[in-house]
Amino acid sequence: MSFDNAYESLIDDNDETHWAYGTGFTDPLSDVDRAVPDGVDAASLATYCLMLGDDALVMAQRLSAWCSWAPELEEDVALANIALDLLGQARLLYVRAVEVNPSIRPANAPAHVPAEDALAYFRDEPDFRNVRLAEIDTGPGPAGDFAMTIARLLVFASWRLALFTRLADATDPVLAAIAAKGVKELTYHRDHAAQWTVRLRDLAAGTGTLHATCYRRCATCYSTGRRGRAAGGPGRRAGPGVRRRRAGAAGRAGDGRGQRPDRARWRAHHGVGLSAGRTPAHRAVAPAGGVVMVDLAGARKIAALQHIAGWYPEAVW
Amino acid sequence: MVDLARAREVAAAVLDPELPVLTLADLGVLRAVTPDADDGVVVTITPTYSGCPAMETMRADLVSDLAAAGFDRVRVRTVLSPAWTTDWITEDGRRKLAEFGIAPPSPVRHHAGHVPLTLAPPTSTVPCPHCGSSDTELLSQFGATACKALRRCRSCAEPFEHIKEI
């Protein structure tokens, strides 16, 4: 790359065209052990990677929405960084999913679109497999606020960290490698959320109302509890229902110790269960009364970002 | 017959796109340069962070720099395991970082299990790359890029970046 002339890179002799909307990440993973190990069902492994990838992608979208809306500039940067880490994890997981089960690649994606982009851009909302925790709207905007965002991040990062720590011993070596790498990043994410939780609680300590609000925010998010049923365990030794270990910070920050997961309270407030989202049935169900209190805006936001790629799928640059 | 020594030399000299004082070898990103069956060269690299956007540029730079040196059959492999760690940044690399004004990483402390949140003062200090004072504070673990944290020196009041340990 030449530093002399910025325009030189636009006129490239090699002319490596990239699909316009994606990353151009065409040779992402190579490693000694790419084959699916014996005893692991390829389709289940692919679905599992897809689920974890969707969690990360939707969470990345939610976090990056805060860029330019956070309380301070450094926090804009921090949340964007966390989102970028998660986006990277999503890419790696998507690549693995399509590699072990090529039929998972959306059929309507043009052939030249890289696999990870095909999954991100050419699936409809009901086909996303993220948990609701990742997609709930915590702001910016009337639906949420920064405290809620931090509380959700604390729960998400703690859960994902615990899960990935177990997955570092997964039977599938690629999933294990992605998890081992993710653990290091997630440690920083969780630490960041925990530090903010303590800070917000301290700030709120003076005012009973604020304290109660902040505490409730953490408790509400915390009450997502277990992930519900696990969708198979082909690539990991963890049994069904991998439990999220309580972050010491969450305990200190919100006096979470002694709290039982309160799924009933969550359901009453939001209309649907938080571990919902993993299957098409979950996504299609409207809660009793027909009013959708938890918007699927996370997935719809993705759909909104997808539509241009859908109109002009052949575009390259 | 592929001149492997020359290929290694060229690959090791490719600069980091974001920190152009460091080479891929300094960073510990370059893992191996090996011949492949058809008289080509295979360069093996490891990504720093999962979402690091510089990896694509590093890959392109490796291919083009090697092409300029006469190696027209180059393949770049990315390995995820073992995961990159700042411990792989060479002594030379650390020195260059400090000279450039970025605090180099300390050795990674290994924790068994989860890293607990502690409200005690941090035990490791990051000296200011400008004035050398150890009286510095953390502004954010997240800086302008995935790998850097933002700190401020209480002595000379300058902010500076720190390659955080991972």
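In this predicted model, D39(B) is placed in the loop that links strand 1 (30-35) to strand 2 (41-45) of chain B. Although D39(B) is not a glycine, its phi is positive, at about 65°. A157(B) belongs to the loop between strand 6 (148-153) and strand 7 (159-163) of chain B. With a relative accessible area of 53%, A157(B) is exposed, since the exposed class begins over 50%. Most residues other than glycine have a negative phi, and most peptide bonds are trans.

In chain B, the peptide bond joining S81(B) and P82(B) is cis, and its omega is about -5°. P82(B) sits in the loop between strand 3 (74-78) and helix 4 of chain B. In chain A, the bond that runs from G139(A) to P140(A) is cis, with omega near 0°. The loop that holds P140(A) lies between helix 4 and helix 5 of chain A.

Helix 4 of chain B, which spans residues 91-100, contains R95(B). The relative accessibility of R95(B) is 40%, and the residue therefore counts as partly exposed. The side chain of R95(B) forms a polar contact of 2.6 Å with the side chain of D92(B). S50(B) is 45 residues away from R95(B) along the chain, and the C-alpha atoms of the two are separated by 26 Å.

Chain A has eleven helices and zero strands. Read from the N terminus, its elements accordingly run α-α-α-α-α-α-α-α-α-α-α. The chain comprises 317 residues, of which 53% count as buried. Among the contacts in chain A with a separation of 6 or more, 76% are between residues 24 or more positions apart.

Two helices of chain A were examined as a pair. Helix 1 covers residues 42-64 and helix 2 covers residues 73-100; their axes come within 7 Å and cross at roughly 160°. Helix 1 and helix 2 of chain A are therefore roughly antiparallel to each other, as angles over 145 degrees are classed that way. The crossing of helix 1 past helix 2 of chain A is left-handed.

N101(A) is located in the loop between helix 2 and helix 3 (115-121) of chain A. A relative accessible area of 17% makes N101(A) buried, because the limit for that class is 20%. The side chains of N101(A) and S103(A) are joined by a polar contact of 2.7 Å. Apart from neighbours within four places in sequence, N101(A) is in contact with A42(A), A43(A) and A46(A).

T138(A) occupies the loop between helix 4 (132-135) and helix 5 (146-167) of chain A. T138(A) counts as buried, because its relative accessibility is 1%. Its side chain makes a polar contact of 2.9 Å with the side chain of T149(A).

The largest nonpolar core holds 96 residues. The members that touch the most other members are L86(A), F164(A), L167(A), L175(A) and V43(B). Apart from this core lies another, of five residues, including V126(B), C128(B), C153(B) and F160(B). For V43(B), when neighbours within four places in sequence are left aside, the contacts are L30(B), A32(B), V33(B), L62(B), L66(B), V74(B), R75(B), V76(B) and R77(B).

Notes. Residues numbered from 1 in each chain as written. Chains lettered and ligands numbered in written order. Predicted model: local features only at pLDDT ≥ 70, side-chain atom pairs only at ≥ 80, totals over all residues. Heavy atoms only, no water. Helix = DSSP H or I, 4+ residues; strand = E, 2+ residues; numbered from the N terminus. Buried < 20%, exposed > 50% of the residue type's maximum accessible area, 1.4 Å probe, protein only. Polar contact = N/O pair within 3.5 Å; in protein donor to acceptor, adjacent residues only side chain to side chain. Core = buried A, V, L, I, M, F, W, Y, C linked by side-chain atoms within 4.5 Å. Contact = heavy atoms within 4.5 Å. Axes fitted to C-alpha atoms, helices over the stretch in contact; angles between N-to-C directions. Parallel < 35°, antiparallel > 145°, perpendicular 65-115°, else oblique. Left-handed = near helix turned anticlockwise from the far one by under 90°.
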